[in-house]
Amino acid sequence: MKRLLLAPLLISLLSPVFAEKKLSDQEYGAMFEKNWFSDELIKKQFIEVDNFDPNLITSELLDQARIGGCKIYVSDDLFPSEDIKNDCKRLYKEYKNKFKFSSKYKFFALKNDFHEECLKASDYEGCIKFNQGNLTIKTEPKINKAKKRTWIRDDEKKVVFYPKSVEAFKSKGEYGRYIKFNYRLNFYRGSSYIPETQITPDRVTTNTYGTINSYGGGGSYSGNSYSTIIPGAKMGGFTIPGGVRSRQWKVEVDCFDQTADFKNDNYGWVKFNGRHQNLADVITAKEIADEFCPQMNRLVAEAK
């Protein structure tokens, strides 16, 4: 079992700076499972092996670490011991309203409860189905990273998104919090006329040609004047034809704070659930982040 997978929630919350590796993954996993039922021993393991700040480690965070292990055991349907298997069920019941669990984990944790209750019912199978309700086991589809996805948004713009563009990246030298991705918008824009506008004034140059005559104390002038008008610069006066337009967005997402930075939009980081939450591009970025932030472990492994 890999160290990163043993405590994914704890790692994402505390963002520790790992010390030089002191144990192999197998040794680390064996130690974690041996210490499973002792908060003090797991805390000691995180402090001595992973350099966690002891002031930040709470009982709840240790349970989050155990939940991280349970998710792997449930996914593989392989548990280190029957006691740990039962504790994984306890952890679900204690934290089901606080943390997210897969459908498979929920069914694993509750199926025995359904069985005991339905033994008393006249229709056992009907009772099981009723109690399960919408609790179905869903197998996560394998992502085809080479296949592009397209969909039409409410603003009638077409989104073109390649899953292969999603990458985890480091912040302050550590992975586990940030991802980045690209998507393109294709949309139709009708023709528009740009009216002609003069942007600089005309210039007038006057030259006088003739003679000068003086009579008495006054002066008399005669001759001809010629003025030259140089027109000012103009712009516009043409039509932009209608057609398909395209815009590429590069987005960085903080999976912990639930914020996004759309590069070159001059807005900086925006909250998914903040005042910009109803903007079409914020909704699009949130949909992509909601799918790929939970896959952080895989993305980090690929980035490394």
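This is a predicted model: local features need pLDDT of at least 70, side-chain atom pairs count only at pLDDT 80 or more; totals for chains, interfaces and linings use all residues.
**Close-up views of side-chain and helix contacts**

**View A. Lys157 and Phe187 meet as a charge over a ring.** The charged end of Lys157 sits over the ring of Phe187, 4.7 Å from its centre; a charge is taken to sit over a ring if NZ of Lys or CZ of Arg is within 6 Å of the ring centre and within 35 degrees of the ring normal. Residues are numbered from 1 along each chain as its sequence is written, and side-chain values use heavy atoms, with hydrogens and water left out.

**View B. Asp63 and Arg90 join two helices through a salt bridge.** The closest N and O atoms of Asp63 and Arg90 are 3.9 Å apart, and a salt bridge here is a side-chain nitrogen of Lys or Arg within 4 Å of a carboxyl oxygen of Asp or Glu. Asp63 lies in helix α5 (residues 59-76) and Arg90 in helix α6 (residues 82-95), so the pair ties together parts that are 27 residues apart in sequence. Helices (H or I, at least four residues) and strands (E, at least two) are DSSP runs, numbered from the N terminus. Is Asp63 buried or exposed? Asp63 is buried, with a relative accessible area of 8%, whereas Arg90 is partly exposed at 33%. For these words, buried means under 20% relative accessible area, exposed over 50%, and partly exposed in between (1.4 Å probe, protein chains only). Both residues also belong to a salt-bridge network that links Asp39, Asp63, Arg66, Asp87, Arg90 and Glu94.

**View C. Two further salt bridges involve Asp261 with Lys263 and Arg298 with Glu302.** Side chains of opposite charge can pair when their charged atoms come close. Between Asp261 and Lys263, the N to O distance is 2.9 Å. Asp261 is buried at 9% relative accessibility, and Lys263 is partly exposed at 32%. For Arg298 and Glu302, the closest N and O atoms are 2.8 Å apart. These two residues are 4 residues apart in helix α10 (residues 296-303), separated by about one helical turn. Arg298 is partly exposed at 28% relative accessible area, and Glu302 is partly exposed at 41%. How many salt bridges does the rule give? The count comes to 15.

**View D. Trp36 and Tyr73 form one of the aromatic pairs.** A search of the whole structure finds 15 aromatic pairs; rings of Phe, Tyr and Trp (its six-membered ring) pair if their centres lie within 6.5 Å, and planes under 30 degrees apart count as stacked, over 60 as edge-to-face and the rest as tilted. The ring centres of Trp36 and Tyr73 are 5.9 Å apart and their planes are at 40 degrees, so the pair is tilted. This pair links distant parts of the chain: Trp36 is in the loop between α3 (25-34) and α4 (39-50), and Tyr73 is in helix α5, 37 residues apart. Trp36 and Tyr73 are both buried. Ring pairs draw Phe32, Trp36, Phe46, Tyr73, Phe79, Tyr92, Phe101, Tyr105 and Phe108 into a cluster.

**View E. Tyr178 and Trp269 pair edge-to-face.** Their ring centres are 6.2 Å apart with the planes at 65 degrees. Tyr178 is in strand β4 (residues 174-189) and Trp269 in strand β13 (residues 269-271), so the pair links distant parts of the chain, 91 residues apart. Tyr178 is buried at 15% relative accessibility, while Trp269 is partly exposed at 41%.

View F. Asp39, Ile42, Lys43 and Phe46 of α4 make the contact with Ser59, Leu62, Ala65 and Arg66 of α5, where contact means heavy atoms within 4.5 Å.
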